[in-house]
Amino acid sequence: PDSRVFAFAREDDYFFGVLHSRIHEVWSLRLVSKHGVGNDPVYNTSTCLETFPFPWAPGTEPVDDERVVAIAEAAKELDAKRRAWLDPEGASEAELKKRTLTNLYNERPTWLRNLHARLDRAVWDAYGWPGDEVPGEVGEEVILERLLQMNLERSKQHR
């Protein structure tokens with residue numbers, strides 16, 4: 001590992017799920033650093049993670065709550081299906097070299113889109129946001145406004 005590798009010491013699929021949701025993606029892409037010739041986004045914990053308002057503060061999630069369970073189940077399935085795609089039984093070494101997460105997400109097959117939609121819905125519901133909204137269709141500015149409002153409310157509570 002180097003300075004751009006982050007390890008999160010969590011045993012649960014819930015945390016993995018929230019970090020892989022569109023909600024966290026929108027937040028982090030707005031707050032990342034930009035580096036290199038292509039001005040590529042670089043995730044960093046101080047702006048992308050430490051400021052991110054999770055549905056519940058990390059370590060305080062109600063583990064038996066159906067919303068936490070729904071996120072964990074969706075995340076676990078996403079991880080299992082991605083792993084199966086990355087390393088299919090009987091694949092040649094040459095084929096395995098082509099099977100990267102980057103290539104998978106560039107392809108974005110229907111099964112992957114559906115798994116992310118399920119995960120996004122579960123995370124959306126955990127925030128208590130309107131159930132009649134489709135998470136993938138709500139604009140980034142709306143998501144950012146809601147997250148910022150949560151951030152501001154929580155910071156007032158900790159003063």
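1. Two helix axes count as roughly antiparallel when the angle between their N-to-C directions is over 145 degrees. In this predicted model, the axes of helix α4 (residues 66–86) and helix α7 (residues 110–127) cross at roughly 160° and come within 8 Å. The two helices, α4 and α7, are therefore roughly antiparallel to each other. The crossing in which α4 passes α7 is left-handed.

2. On the α4 side, the contact is made by Arg-67, Ala-70, Ile-71, Glu-73, Ala-74, Ala-75, Glu-77, Leu-78, Lys-81, Arg-82 and Trp-85. From α7, the contributing residues are Trp-111, Leu-112, Leu-115, His-116, Arg-118, Leu-119, Ala-122, Val-123, Asp-125 and Ala-126. By residue class, the contact of α4 with α7 comprises 13 nonpolar residues, seven charged and one polar.

3. Seven aromatic pairs are present in the structure. One of them, formed by Phe-15 and Phe-54, is stacked, with 5.1 Å centre to centre and 10° between the planes. Phe-15 belongs to helix α1 (residues 13–19) and Phe-54 to the loop between α3 (45–49) and α4, so this pair ties together parts that are 39 residues apart in sequence. Phe-15 and Phe-54 are both buried.

4. An edge-to-face arrangement is found for the aromatic pair of Trp-124 and Trp-129, with 85° between the planes and 4.9 Å centre to centre. Both of these residues, Trp-124 and Trp-129, are buried.

5. One aromatic cluster is formed by Phe-8, Phe-15, Trp-27, Phe-52 and Phe-54. This cluster includes Phe-15 and Phe-54, the two partners of the stacked pair described above. Another of its members, Trp-27, is among the buried residues of helix α2.

6. Helix α2 (residues 22–31) contributes Arg-22, Ile-23, His-24, Val-26, Trp-27 and Ser-28 as buried residues. The packing partners of the buried residues of α2 are α1, α3, α7 and α8 (140–157).

7. Within helix α2, His-24 may be considered individually. Its relative accessibility is 3%. Since buried means under 20% relative accessible area, His-24 counts as buried. With its neighbours within four places in sequence left aside, His-24 is in contact with Val-18, Leu-19, Tyr-43, Cys-48 and Phe-52. Among these contacts, Phe-52 is also a member of the aromatic cluster, and Val-18 and Leu-19 fall within the residue range 13–19 of helix α1.

Technical notes. Residues numbered from 1 in each chain as written. Predicted model: local features only at pLDDT ≥ 70, side-chain atom pairs only at ≥ 80, totals over all residues. Heavy atoms only, no water. Axes fitted to C-alpha atoms, helices over the stretch in contact; angles between N-to-C directions. Helix = DSSP H or I, 4+ residues; strand = E, 2+ residues; numbered from the N terminus. Parallel < 35°, antiparallel > 145°, perpendicular 65-115°, else oblique. Left-handed = near helix turned anticlockwise from the far one by under 90°. Contact = heavy atoms within 4.5 Å. Nonpolar A, V, L, I, M, F, W, Y, C, P; charged D, E, K, R; others polar. Phe/Tyr/Trp six-rings, centres within 6.5 Å; stacked < 30°, edge-to-face > 60°. Buried < 20%, exposed > 50% of the residue type's maximum accessible area, 1.4 Å probe, protein only.
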